[in-house]
Every structure is written in C-alpha cells, then in structure tokens.
Amino acid sequence: MSRRAWRWLIPLSALPVLALLAYGFRVDPREIPSPLIGRPAPGFALTTFEGAPLTLEAQRGRVVVVNFWASWCYPACYEEAPVLERSWRAYRDRGVVVVGVDIQDKAEAAQKFIRDLGLSFPNAPDPTGKVSVDYGTYGVPETFFIDRRGRIRAKHVGALTDEVLRTHVEPLLAEPAG
Amino acid sequence: MIPELGYGAAIVALVLALWGAVTAALGARTGRPALLLSAQHAALAVFVLVTACFALLTYAFLTFDFSVRYVATNTNLGTPFYYRITGVWGALEGSIILWTWMLGLYTLIVIVRHREGARELYPWVLTVMLGVLAFFLLVITVAAPPFARQAPVPADGRGLNPLLEDTGMITHPVALYLGFTGLTVPFAFAMAALITGRVGDAWITLTRRWTIVAWYFLSLGLLIGGWWSYHVLGWGGYWAWDPVENAAFMPWLTATAFLHSVMIQERRRMLKLWNISLVILTFGLTLFGTFLTRSGVIASVHAFTQGTIGAFFLSFLALVLLTALGLLAVRWDALHAQGELDSIVSRESAFLLNNVLLVAAAFTVFFGTVFPLLSEAARGVKVSVGAPFFNQVNVPLFLALIFLMGVGPLIAWRRASFDNLRRNFLWPVLVGVAAAAFFFSLGVRSAIAVLVLALTGFVASTITVDFARASRARVRLGEPLLPAMGGLLRRHNRRYGGFGVHLGILIIAVGVTGSQAWSVQTETTLRRGEYAELAGYRVRFEDLTASEESNHFKVAGAFTVSNGRGLGVLRPAKKFYPQETSPIAYVDYRLGLREDIYLVLGDFARDGSQATVKFQVNRLVSWIWIGGLVLTAGAVLAILPEKKKAA
Amino acid sequence: MRRRLVPVATLCLAVLLSGAARGAPAPARPVSEAEVHEIAGGLRCVVCQNLSVADSPSEMARQMRAIVRERLEAGESPAQVVQYFVDRYGDWILLSPRRSGFTLLVWLAPLVAVALGFAIVGVLVWKWTRRPASTGAAPRVDPAMRERIRRETEAEP
C-alpha cells in the first residue's frame, strides 16, 4: 500500500467496532444459559407447606418439573400457576411430578398464593435459598425439566404456557426409565 | 390537543433544522450572507419550537394527561408536584427532549458568540450543530415520540420510578447532558476546520472555553451521579463501573486529554492531527454513551431500552465516525506536520504522557465494557467484566496521572534543566517521601493508599511552591500579601484555575482511596433496645413507625447512634410503592469530614419487635464531594475572561 | 413468550424481603466477615445489574453470602466456593474475568494500550528531538525586507 493509502485505515478502523455493536442487537444480555443442562439435577430435601418431606431422590423414575416461584412475582408467577396446575392434573398419572419451590418469600403470603390459585401439587419453601442457588436460578419464575434418570434436560425462564410445558415434557416421557 | 401540538412542533422543528443545516452549508460554499441569515433564523425557530415541546410535555405532566403514554408511565395521581416537573426527563423520551433543548440552546449561544469572529468556520459549525439537532429531532418524531397517545386512557398512571424521586436525580441528568451536548461544539468546530481546510489553531482558540465548560458539566454530572448512587441506592458505594457509568466516564477521559493537548498546540503548534482525532473520539464516545444507555445492548442498571432507538443511534454514530474520520484522512497532509521537541524532559513530554495514560484508560474502560459482547460474538460464551477488573487495571494509570499532575505545571517548556528540576521539585519530592513515611508510621499498610497519600503530598507541594514563589515575587515588588495573591489568581486565572481543578481531583482521589481502603460494615438483626457496635459507634434499634405518604407507604426504623456522645437518631426506611413489586430502600446517614455513618433498613417484624440493619462506616467519602466543590471553583476561575494588561 | 416481568433492577435495589439468616450449626472453622466479603465481592449478584454479591442489598445476595460463609466454615477453600457458583451459573457470575484463555485478552488490553502509546510517543519524540543538520545559521533576510520591517515597526503609534 502506498503511503497515502495508509491514512484510510483510520476511518476503516471504526467499522469492526460498529459491527460488534450491531451484533449486540441480536443477543439479549439478560439471558444467561445454564451450565446445568445435561448434568444430574442437584438433589434437595425440603418440607412442603403441609409438613410432608419432599426430596428429588424420591421422584427417581418419573419426569420432574421443578418450578421456582414467589408470591411477589407479579404477574408472571400468577399467570403460569394455572398452567402448572393443569399439567399436574393431566400428567400425574403418566409419571410426571410437578414440584413448586417457593423462594425469598414469607410463609403466609406463599400459602395465600397456593390457596388462591388452587394449587394441588407439592410446594415447599426454600428458606435459605440453597436449592435456588444449587439450581443456578437468578429470578422467578424459572422451571427445570428433569428426565427419568435425574438429569436436567431443559430450563425455562419466565412464565410457562401449556404449549411450552408440553413441548418439554412429552419427549422426556417417551424416554425409558433405564 | 396539546400532545398533537407538541408532536407538530417537533416535526416542524425537524424540517427547519434540516433546512437550516442545508442553507448554512450552501451559505458556506457560495458565500452568500442571506443564506447564513436564513439558517440562523431557522436555528432560533428550532429552539423556540423545542422549548414549546418541552413546555407542552410538562403541561401534560402537570395536568395528569394519562392519554399520553409517557405521562402515564412516569407519573400517577400521587406524584408530588416538583417530581411531576422533573419527571419530564425521567425516562427515555423526555430525556431526549432535554438533550435536544440543550443542543438548541448551545446552538444559539454559538450563533451569538461566533457569527462575527469566525467568518470562515462559522457557517460550517452551524451546519454541523443543526445537523446533530436534526438527528435528535428525528429520534423524537420517529423513534421515541414523547407525545404518543394510548387508548384506553387509564384512570391512574404507573408513577415515577421511585429511585428518581430525589434531588440528585433532578440535577444529575441536567449537568451530564450539559456536558455531553456541550462537547458537540468543539466537534462542530473541528469538523468546520476539516471541511474548510483551515486546520490551524483558530478552531482551538475559539473552542477553549467551550471545552472547559462542557468538561466541567460532565465532571459535575459524574459527581452528582456518584452522590445519588451513594445516598439513594443503598449499597453504600458511589461508583460501580456499570456500563452506563463507563459510557459517561470515557468521554470525560478523552475530553481531559484534549484539554491538555490543546495547550501544546497553542504553545508549540504541534499535534494538530492528534487534537482533531481526540475531539472526534470524544464526540463519538458521547454518542456511544447515549447508544449504550438506550439500546439495551449491554446489561446495565440504567439502560432504558426501547425497540428501534438503538438502531437509530448506532446508525448516526456510524455516520459521524465515518464522515469525520474520512475528512481527517482527506486533510491528512495539512494536519500531519513535523513536530519539534527539544528534550524528552520537558512539559511537552509530560503532556504527551498525560494523553497516553488518559486515552489508554479510556480504551481499557471501553474494551472492558464491550468485552462481554465480544466474548459472545467470538465464542458464544457470556462473561462479566465488573468492578474488580476496572479497579485493578485503572489504579496504576490513575496513580501515574496524579504524579503527572504535579510534574506537568512546573516543568519547563522545551527543555527542563537540572536546575529547573531541582528548584521546582526538590521540596515536593521530600514532602511526598515524608508523607509516605508519616502515614506508614500511622499504620497505613495498603500500598496503594500510601502511594496516593504520598503523591497527594507531592502534588499539593508543587502547587504551593509555585503559588508561594509567585506571591513572594509580587510582595517583593511592594504589593501587600493578600492583594498580591488575589492579583495573581486573577491575572493568571488559567494557570491557577487549572491548579484549582488539580487540587479538586487530588481531594477526590484521597476520598476515593480512603473509602475503598478503610470503610467497614456489618449487618445484624436487632431486637428493640438491642445495639450493634462498629468502629467506635453504637447503633441501637428503638422502634418502627409506619406512615402513609402521597404516593407510597413508608416503614421507618428509629436507630439511636452514639459514639460516647449521642449523635441523634437515624431513620432508614423501606418505601412501598404500589407500582413496584418490591420495596425501595431509603437510606439514612450522617455525613462527616472523616467518616459517614450509613444505615440501611433490611427486613423487619410486622409488630416492630425486631429489624435487620446494615450499618456502614464509610471513611473520607465526603472528601469526594468537597473535591467537587474545589474543582468547581477552579473551573470557574479558569474560564474568566482574560484581564487586559495595565498600559 | 412472556419473560418474567419482575423489574430486576428495583428488586436488586430494594432491601431484604424475607426472614433474617438462620444460624448455621457450630462452625468447623471460624470464618471472618472479611473473608466472606472478599469472595462475595468477586461474584456477580444475579438479580442486580453490575453489583457484587457483597454489595447488593437484595435478598438473593444475602442468601448467597450465607452460602459462602457456610461453605467456608465447612472447610472449603475460597477457590472451591467460587467454583461451586461457577458450576451453576457459568463464568458469567465472576465479576472479574479469568486470567486465562480468551478472557486473558481483556486483561492484556490496558497493557497493550499503554505499551502502544509509549511506543508511538517514543518514536515521535525520537524523531522530533533530532535536529536537522543545518539549523546553525539564522534564516537569511534580504535587505529590502529588512528595511520594510524596520519602517513598519517604527511606524507603530
């Protein structure tokens, strides 16, 4: 390149930076992929609001849907609770368990949430937050889909819909428990 | 009706701004004064129209016009009166109107000040200013219309973001934007210089005061932002290296570099290419800053995001950078001149070093801020680049800069002789070393803290030595001391104003060091009557009180603070706003010269029997705000008009 | 798909929501506030934007600090505690990027910038301090010009 032409490097040097910034439009900085997908789900031993024990171990062999929620999580948790309840009722006999874990919440508010929305699947509080951190949650609602062999296969951030839940659960149900 | 008027005003303003830009350019090419006059009238009209927009939007706020979506999202029936005015610029659309209004104001001032004095450059300056105005008006009319209506009209609005209900919020955007928009003026002059080919010193001399004023407002905006963060957000810190904080800091760094390197161009006629590049870089970083804040491309506490607006800003940034840098390449030969340096030990060298460090710091902050994006683009992995990184990499650079603050003003131009060095620096070096020994003996073990204190001693001594020597010279000529000092300040206001600014920065540096190195905190749950102790203070939980305010519900804890003597009662609270899902912390604090006591209320029992409190003793934070005041005094002194020599 | 609409910024900037920390069982080794603070200072608060777990007033951060303390008390090393979080949240949770692999780039950037700056300034200073050989003599002014200068400077009022 002749000496005169080098100077044009200066305006051209702006292009890679601009391209990088433009790339930024395609990604969402708040969406963090979970490193736990495909790995064994962390076990937990909680006590439901009714006082019954609730462990992940006990669900081995079934497809488990673990949903993290809170009563102050408005409106997303309120929108997805009926979805979870419906799925529970539809799938419980087919070997699917829906488990709700209530985080960073107060007992009365949580129980009111369960009562008002008529939830019949097991719900347990996570008072120290250990289970939520174990699962790498960073907000509510978040839902994990665990297969029959106890591995996390999918994570959904945000309110669930019937369709999303079905899309994740059906393939896992089809897998053998071996 | 009112919103439609506002929208109409914006559209007309956009058309007039474009008209003005074109006529100013034509006026420049053809030399016909009538065209220039028309452009000036257009600029005036644009300002009036934008003022009208602003007024109409404020009116919509004051009259609770919830049919306007922006009003409904930022205010509700309970919002207090003054926040209904300041809330106008509390979110995206309104903030752009504020920016545009300031740009219009600056354009008018440019017209009044420069239409006579800068014949060649002025028309192009006007073109660029009106062009930038046109862009922002385009954003107002198309991308983020503040007057957009919504149906059905809600009965009540959502309310202002509670974190913005604060005096810091009122002043921070104003100061910051005055700084950002002010930087458009030197840029416009630089572009005019490039376009006309008059890349000599005229544009620098004309913009010197503009640069200082814009730089000052930017500094003020950053400091107020820190103050707001400190006393509102409840984490006890004032700077988190959040991407939007960085977005304002980067242009500040390059503007500081520019402020210094123009002095070399003024004295030695060197660095023309560098100065123009710096100005372009600074303005580019300003646009990058607004892009970051408004596009949501990088996660930040501050970003107000909206659909297409990011694309608008990025496109404009691209246009500005490619045009400006392209012009730079075109004028390369005229700019690229052989410099002349007599010795590496000289003020010129010190200034060059200053520039290298400041621009390196700006680059570091920039690279760190966009790195998460780069990591994702290059390998699909999300990473974070946060405060620990920025603190670690920037500290050495800033330490070196503090050292230069002491060396630069005193070292000779061209070539500093050994004698000159000895005369100017012997005492300050001794003071610096003594300060290091002194503080080490006091028990300070943090290497950085010792270094900062030593350098502060060094720099403060250089300032004192210089001022004392000059005053003594005057006193020897017969003048009494105080008038001699006053006269010095007035006669050489640029120099001593600069010293004042340096002193302000020093004080801020000490404040930052002290707060980082020596602040302590603890978090406990206290029952009524129980107390917690920290750093000699005792905080006792007395009671909880609940109250109903106009737009929120407040629960405040009463904590008696004492350190041997009673220091009063602090009342940190939690404010519950209907539009927010979680409560907002209200911090209570007691400021002091040496340390601040800072309380944040955590969880509490309904019956008021116990409460969790985070208790911090933050050291030397007040020095940061005091440094800001000193900096202000220095800046004001520096921009005073030159005193004419007595005949 | 509706994402959660919890305004995470305000969530983060709000203060604690649920009960005070439960006491941990008797610690196997005593852990100082400073140690917890140091590790927590390097972790990113997941509900906040750009605050560390040490600084964040949010409930999630408080719970994470308690977990850090518990793990330290159980005998884990700081590196192991940090790895625990990285295993669950990915490298994103580290506030300061790792000094290896791709992220080494961001640590090198300031060094490269300063080195490059010094190099450029060094070259320029070297070029500019080399005096051209012929600056010895003052530029010659021809007599007519000299006369004109004399007349004009003396004509000053």
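**Exercise 1. State how many residues of chain B and of chain C take part in their contact, and describe the interface.**

Step 1. The contact involves 59 residues from chain B and 48 residues from chain C; contact means heavy atoms within 4.5 Å. This is a predicted model: local features need pLDDT of at least 70, side-chain atom pairs count only at pLDDT 80 or more, and totals for chains, interfaces and linings use all residues. Residues are numbered from 1 along each chain as its sequence is written, chains are lettered from A and ligands numbered from 1 in the order in which they are written, and side-chain values use heavy atoms, without hydrogens and water.

Step 2. Take the area. Chains B and C bury about 4,600 Å² between them, with 67% of it on carbon and sulfur atoms. Buried area is the accessible area (1.4 Å probe) that two parts lose on being put together, summed over both.

Step 3. Look for charge pairs. The rule finds one salt bridge across this interface (a side-chain nitrogen of Lys or Arg within 4 Å of a carboxyl oxygen of Asp or Glu). Glu523(B) and Arg65(C) form a salt bridge at 3.3 Å, N to O.

Step 4. Assign the elements, which are DSSP runs: helices (H or I) of at least four residues, strands (E) of at least two, numbered from the N terminus. H14(B) gives the most to the side of chain B that touches chain C, with 13 residues.

**Exercise 2. Characterise the interface of chain A and chain B.**

Step 1. Here 25 residues of chain A touch 31 residues of chain B.

Step 2. The buried area is about 2,400 Å², and carbon and sulfur atoms give 75% of it. Arg7(A), Leu21(A) and Phe25(A) supply 25% of what chain A buries against chain B, more than any other three residues.

Step 3. Two salt bridges cross this interface by the rule. Asp603(B) is bridged to Lys106(A), with the closest N and O atoms 3.5 Å apart.

Step 4. Helix H2 (residues 9-23) of chain A gives the most to the side of chain A that touches chain B: ten residues.

**Exercise 3. Classify the ring pair Tyr106(B) and Trp210(B).**

Step 1. Apply the rule. Rings of Phe, Tyr and Trp (its six-membered ring) pair if their centres lie within 6.5 Å; planes under 30 degrees apart are stacked, over 60 edge-to-face, the rest tilted. The count over all chains is 54 aromatic pairs.

Step 2. The centres of Tyr106(B) and Trp210(B) are 5.5 Å apart and the planes stand at 70 degrees, so the pair is edge-to-face.

Step 3. Tyr106(B) is in helix H5 (residues 92-114) and Trp210(B) in helix H9 (residues 202-232) of chain B, 104 residues apart.
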